[in-house]
Amino acid sequence: MTTTDDQSVGMDYLESFPRKFLRVYLPLGLIIFFLLFPFYWMAVATFKPDAEMYDYEKYNPFWILHPTLEHIKKLFFDTDYPLWMWNTVIVSVSSTCISLFASVCAAYAIERLRYKGSRYVGLAIFLGYLVPPSILFIPLAAIVFQLGLFDGNLALILTYPTFLIPFCTWLLMGYFRTIPYELEECALIDGATRIQILTKITLPLSLPGVISAGIFAFTLSWNEFIYALTFISSSENKTIPVGAITELVNGDVYHWGALMAAALTGSVPVVILYSFFVEYYVSAMTGAVKE
Amino acid sequence: MAVMAEPVAAQVKRSSLWTRAFESRHFLGAMFMVPAIAILILFLAYPLALGFWLGMTDTKIGGAGRFIGFQNFVSLSKDSVFWLSVFNTIFYTVAASAVKFAIGLYLALLLNERLPFKSMVRAIVLLPFVVPTVLSAIAFWWIYDSQFSIISWVLIKAGLITHYIDFLGDPWNARWSVVAANIWRGVPFVAITLLAGLQTISPSLYEAANLDGATNLQRFRHITLPMLSPIIAVVMTFSVLMTFTDFQLIYTITRGGPINATHLMATLSFQRAITGGNLGEGAAISNAMIPFLVAAILLSFFGLQRSRWQQGGRD
């Protein structure tokens with residue numbers, strides 16, 4: 001991909017500021033407001049005491065008069081939330097590592113070893129990317145049950161790679177393709193084995209691709225919901241999204257404060273990770289689409 | 001494709017079967033594929049096949065089922081809730097995808113302008129896509145609350161309505177509410193991927209068009225759209241697939257209610273299979289989604305071929 005926006009001055013300087021404000025900044029501001037408002041609302045509800053939360057007459061709903069940590073405290077000490085957080089971390093990290101390992105090997109084999117039929121296998125893996133979890137979860141539930149993995153972290157660690165591996169492999173194939181063959185040929189002549197070539201030449205050169213795939217895979221598994229909802233039944237084994245939805249609602253009583261605190265604190269780790277690796281994340285997202 | 005250089009000398013020197021096998025790229029390739037293929041066959045290909053089979057059985061949770069052919073589909077075809085879910089799914093997909101495309105393309109064009117803090121703005125725009133869907137859906141759930149909805153409150157204060165809107169209690173209100181939440185989540189994906197496509201269009205094309213006296217609209221119509229159409233096809237295919245098979249938003253915000261008015265095929269199959277215990281029937285509902293998905297993929301695939309051919313590409 002060639003980014004050309006830096007070199008072009010174009011004819012922008014012909015445009016006056018008020019005109020550009022109406023044409024660009026105003027609509028952009030409105031859209032960004034629409035995109036960010038739910039987060040603001042989440043944060044406000046997290047730190048608002050119940051008295052203010054359910055009384056719009058006396059208190060302006062947009063602001064907090066007496067910020068409180070009571071909802072967060074309730075969430076961390078009266079529920080299994082810390083366990084859900086721990087499970088989510090374990091599951092996301094393990095499934096990401098497994099997927100990265102499998103995908104690096106597969107992408108290298110498809111793209112560089114070019115064994116018999118590698119093109120078709122590559123195509124099949126891409127098709128696997130298009131199979132949505134919504135049509136797999138029922139038979140997978142039966143399989144998970146048969147294997148005795150039901151209601152454990154391992155059920156998720158082994159099933160998440162089904163949507164991570166196709167994505168990571170597809171992305172890494174694109175990265176490996178950009179590394180010149182000549183480098184590998186030199187190494188082959190020098191007597192390096194294939195595994196040495198992979199670990200000492202191809203992988204270091206495609207490190208940005210591996211990071212992109214890893215970050216994206218991590219956020220995907222952090223977000224995953226339907227498998228975790230189906231395969232996990234006891235509270236202490238749940239992940240954050242599932243725990244928040246199923247355990248913080250007692251019949252008709254919604255603990256809005258705790259729910260919002262769970263939503264906020266469950267999002268923060270992903271957002272922090274994302275903010276450090278925005279460029280990698282974006283290149284993973286756009287790279288997977290552009291092939 | 002370059003021809004691989006086989007190290008002939010090494011082969012002569014070390015000749016045990018094992019080392020020779022490792023010199024062969026076909027054998028080595030197969031070894032490298034083992035982890036990925038093992039996982040994908042066991043947890044992707046096998047369940048896909050098992051799903052077809054389950055859809056033709058009357059399996060219940062905790063018991064073996066027997067083969068009943070197309071019985072599940074016959075009973076579903078007489079089931080008004082199933083047809084309602086098909087209607088909802090199509091409505092949800094069409095409405096949300098159309099708006100996501102319109103706003104997404106518009107936002108991409110805006111972000112492609114010269115802006116201060118451009119990369120930060122782009123990072124912020126993508127946030128709804130990054131944050132776990134279920135967790136942001138909880139925020140929407142609260143925004144749509146029947147008593148404490150902030151939208152109702154603002155509209156009342158502005159004097160536009162007199163009493164609180166029942167967002168999730170009325171069938172059509174609920175449908176539009178979940179569509180809005182889906183749009184909110186999907187717009188960043190469409191916008192940022194289309195932006196990446198826009199950035200590959202050479203500015204010299206626009207300068208040439210300017211010199212020829214093209215208007216803004218003409219430049220958009222005759223340069224931006226044709227150059228962008230392949231990526232639009234791919235992005236919208238992904239977007240349609242994700243929307244059609246959506247589960248998280250509906251399950252969090254409405255659980256299919258009120259009176260099944262927002263049930264999608266995915267949520268209905270979950271309700272029948274996992275909550276209700278009829279694995280066979282639920283699998284049949286999931287299987288009923290497959291023709292739609294295949295149609296969407298084929299449509300975009302052939303559309304893509306045609307546009308590539310029009311632009312003089314090879315494939």
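Axes here are lines fitted to C-alpha atoms, for helices over the stretch in contact, and angles run from 0 to 180 degrees between N-to-C directions. Helices (H or I, at least four residues) and strands (E, at least two) are DSSP runs, numbered from the N terminus. This is a predicted model, in which local features need pLDDT of at least 70 and side-chain atom pairs count only at pLDDT 80 or more, while totals for chains, interfaces and linings use all residues. Residues are numbered from 1 along each chain as its sequence is written, and chains are lettered from A and ligands numbered from 1 in the order in which they are written.

- Helix α8 (residues 161–177) of chain A packs against helix α3 (residues 25–54) of chain B at about 135°, with the axes 9 Å apart.
- That angle makes α8(A) oblique to α3(B); angles under 35 degrees count as roughly parallel, over 145 as roughly antiparallel, 65 to 115 as roughly perpendicular and the rest as oblique.
- The crossing of α8(A) past α3(B) is left-handed, meaning that the near helix is turned anticlockwise from the far one by less than a right angle; clockwise would be right-handed.
- From α8(A), Pro161(A), Thr162(A), Ile165(A) and Thr169(A) meet Ala36(B), Ile39(B), Leu40(B), Phe43(B) and Leu44(B) of α3(B). Contact requires C-beta atoms, placed from the backbone, within 7 Å.
- The residues of this contact comprise seven nonpolar, two polar and no charged. Ala, Val, Leu, Ile, Met, Phe, Trp, Tyr, Cys and Pro count as nonpolar, Asp, Glu, Lys and Arg as charged, and the others, Gly among them, as polar.

**The A–B interface**

- In total, 87 residues of chain A are in contact with 79 residues of chain B.
- Helix α1 (residues 17–46) of chain A gives the most to the chain A side, with 12 residues.
- By class, the chain A side has 60 nonpolar, 20 polar and seven charged residues.

**Helix packing within chain B**

- Chain B has 15 helices and zero strands.
- Its α5(B) and helix α10 (residues 171–198) pack at about 40°, with axes 6 Å apart.
- The two helices, α5(B) and α10(B), are therefore oblique to each other.
- The crossing of α5(B) past α10(B) is right-handed.
- This contact has 20 nonpolar, four polar and two charged residues.

**Burial and core**

- Of the 315 residues in chain B, 40% are buried. Buried means 20 or more other C-beta atoms within 10 Å of the residue's own, exposed means 12 or fewer, and partly exposed lies in between; C-beta atoms are placed from the backbone.
- The largest nonpolar core has 156 residues. Such a core is a set of buried Ala, Val, Leu, Ile, Met, Phe, Trp, Tyr and Cys residues joined through C-beta atoms within 7 Å.
- Among the residues with the most contacts inside this core are Ala244(A), Met260(A) and Ala191(B).
- Leu198(A) lies in helix α10 (residues 194–205) of chain A. Leu198(A) counts as buried, with 20 C-beta neighbours inside 10 Å.
- Leu198(A) and Arg112(A) are 86 residues apart in sequence, yet 9.7 Å apart in space, C-alpha to C-alpha.

**Positive phi in chain B loops**

- Phe117(B), in the loop between α5 (80–111) and α6 (118–125), has phi near 55°, a positive value in a residue other than glycine.
- With 9 C-beta neighbours inside 10 Å, Phe117(B) counts as exposed.
- Asn260(B), in the loop between α13 (248–253) and α14 (265–275), has a positive phi near 65°.
- Asn260(B) is partly exposed, with 18 other C-beta atoms within 10 Å.

Key: Contact = placed C-beta atoms within 7 Å.
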